[in-house]
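This briefing is intended to be read alongside the sequence and the 3D structure. Please keep both in view while working through the points.

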Amino acid sequence: MPALPTMKYQNIYQLFREQTAKHRGEPVFYRRNRSVPSAVADGSDPTRENWQAINWEDFEEQVHAFACALLAAGLTRGASVAILAGNIPEWTIVDVGTIAAGGIGVGVYPTSSPAQCEFIINHSDAEFVFVDSEDQLFKLFDTNLPKVKEIICLEKTDEFSVEMVVKETKLFSKVSSAEVKETPVTQFEDFLAFGRQNRDEFFPEIEGIGSNAKPEEIAIMVYTSGTTGLPKGAMLSHQYILNSVESLKRSVPIFSEDVTLSYLPGCHVAERISGIYNRLYNGTSAYFVDDLTRLYEYMLEVKPTVFASLPRFFEKVHAQVVSRCGPDASGQDLKDAFGGRVRLLTSGGAPLPDEIARFFADRDLPILQAYGLTENICVAFNTVEHLRFGTVGRPMPMCEVRIAEDGEILVKSEMMFSGYYKEPEKTSEMFDSHGWLKTGDLGQLDEDGFLRITGRKKEIIVLSSGKNVAPALTENLVKENHLVSQCFLYGDGKNYCVALITLNRAEVEAFAKAREIEFDNFADLTKNARILSSIEETVKRANARLSSPEQIKKFIIPERDFSLEMDEITPTMKLKRNVVGENFQKEIENLYKT
């Protein structure tokens, strides 16, 4: 294994204290100021008018106030604090404050249902819950949260209705049929004030807890998205975080002068590590996007120099450029689409369509695709110096990658998770007899060390002939067409594979407008002959690169995309194969009838 350098910091608190001392007087967070319109009429700098800066010293003070409040309110050492919130500065403040107090920060997706929130809060043994709005607080109504001592809400809570069974500052939850538990609900500012009142007593304790935390101690927990079952809580240590951000720095460095946007969920491992803690490690500020529908508008205002996203966003940018400039988009400076200053684009979480990757690279703005997983976020990364289309790059610094005999990608590094919380058996299942992490993904390493993802080991389709098919390989080839949103391959127990191929609405509508294709609604486009022809050609090209069992023999284009609301995809856009199969059972059966 590559030699591991001596860590500059032993824990997150040491990093936090050094960076806040180093950057005093400089902005660390920018919050959207909703009191002014999005466009500044007098032509002054819109970022100055529309965004409120929070300096590093304010960040430090609020972290310590929150940590003191937790200790004064009875946080048990090593207990969890759940964070149910969107992209706001308080997400980072609460997370770092929890670590400073000796707790463990646990993120919950803001799109989670009440039942999902209840499961994660209870499974993580959270003693405190931070929510950013009344809407999130209402999710906790009528849930059973026996270990929660207090709920902290960012928004004012004095407008709750009696109908919601929230009276004054108490949230009532059912503990049993005969018992009702009262959980105090405190406004965030009041909680900070409580911490400041108790600073003299608890700050010395925080300095001791924070500074002396060992590298192997758990700092945060990240819950997996649960495509086939209940989410698992991956325990991530101080060492995991610090080695990961160092590996990122060596691969795709960011600097204190860079301008970044924070809009991906803080509870996801990518935003948690390569976003929150990567920025902390490098002293980089962030503009927090409070409304995803205004992301593009904010981008043109802020003019980021670094932008990390999922493939879907780059597909939308591609669609806008093609719609405005035509299919070739010749002469178009893609930097203008990101505000004009961007120097670095990265993508992860899903395969980047080859057509999109080449479109950006041909215009001198390559998208650097990466690969990692919750259990080891830094596995592989394309870099500016070493970039190969169709791959996720070479192994990152401090990480080794090998391919097992059955094609599974194995990983060994100093950035490894510490196991699943309360799940020792599932933890042991993740490692082979030599200590290599079994990713569950299938892949190939080429002669130059670039890693290519070819499928998921656990999602193998077994045809009636006994042939095994990894659906992700076929699906990803189809998704190289920018018009495609999702591809779902099916064939279990059958003698051939069929597919449901959904369309990317933004890309398809831009495609239609650029070619003067008339349509009344999106459903019309799913039946359009020219679009169907494009998909058929894509399937034909994919089949030419596949063995006969892997090929798509028949397919249909549903009138809608798979959706989070229908529980067909996870918040990270991963297919829930069993749900999709159930929801589209009739369509699949029809593909085998003729």
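The model is predicted. Its largest nonpolar core has 89 residues, and another core, of 30 residues, lies apart from it. In soluble globular proteins, nonpolar side chains tend to be buried together.

**Nonpolar cores**
- The separate core of 30 residues includes V302, F314, I356 and F360.
- Setting aside neighbours within four places in sequence, F417 is in contact with A234, M235, L236, Y240, E375, M430, F431 and L437.

**Leucine 295**
- L295 is found in helix 11, which covers residues 295-302.
- L295 counts as buried because its relative accessibility is 5%, and buried means under 20%.
- When residues up to four places away in sequence are not counted, L295 touches L261, Y263, V289 and F313.
- The C-alpha atoms of L295 and S262 are 9.8 Å apart in space, while the two residues are 33 residues apart in sequence.

- Three strands form an open sheet in the order 25-26-27, with mixed pairing.
- Strand 25 (484-490) and strand 27 (552-556) are the edge strands, each pairing on one side only.
- From one strand to the next, the twist averages 25°.
- Strand 25 and strand 26 (residues 497-503) run antiparallel and are joined by six bridges.
- V484 stands opposite L503, a residue of strand 26.

Methods:
Residues numbered from 1 in each chain as written. Predicted model: local features only at pLDDT ≥ 70, side-chain atom pairs only at ≥ 80, totals over all residues. Heavy atoms only, no water. Helix = DSSP H or I, 4+ residues; strand = E, 2+ residues; numbered from the N terminus. Buried < 20%, exposed > 50% of the residue type's maximum accessible area, 1.4 Å probe, protein only. Contact = heavy atoms within 4.5 Å. Core = buried A, V, L, I, M, F, W, Y, C linked by side-chain atoms within 4.5 Å. Pairing = 2+ DSSP bridges. Axes fitted to C-alpha atoms, helices over the stretch in contact; angles between N-to-C directions.
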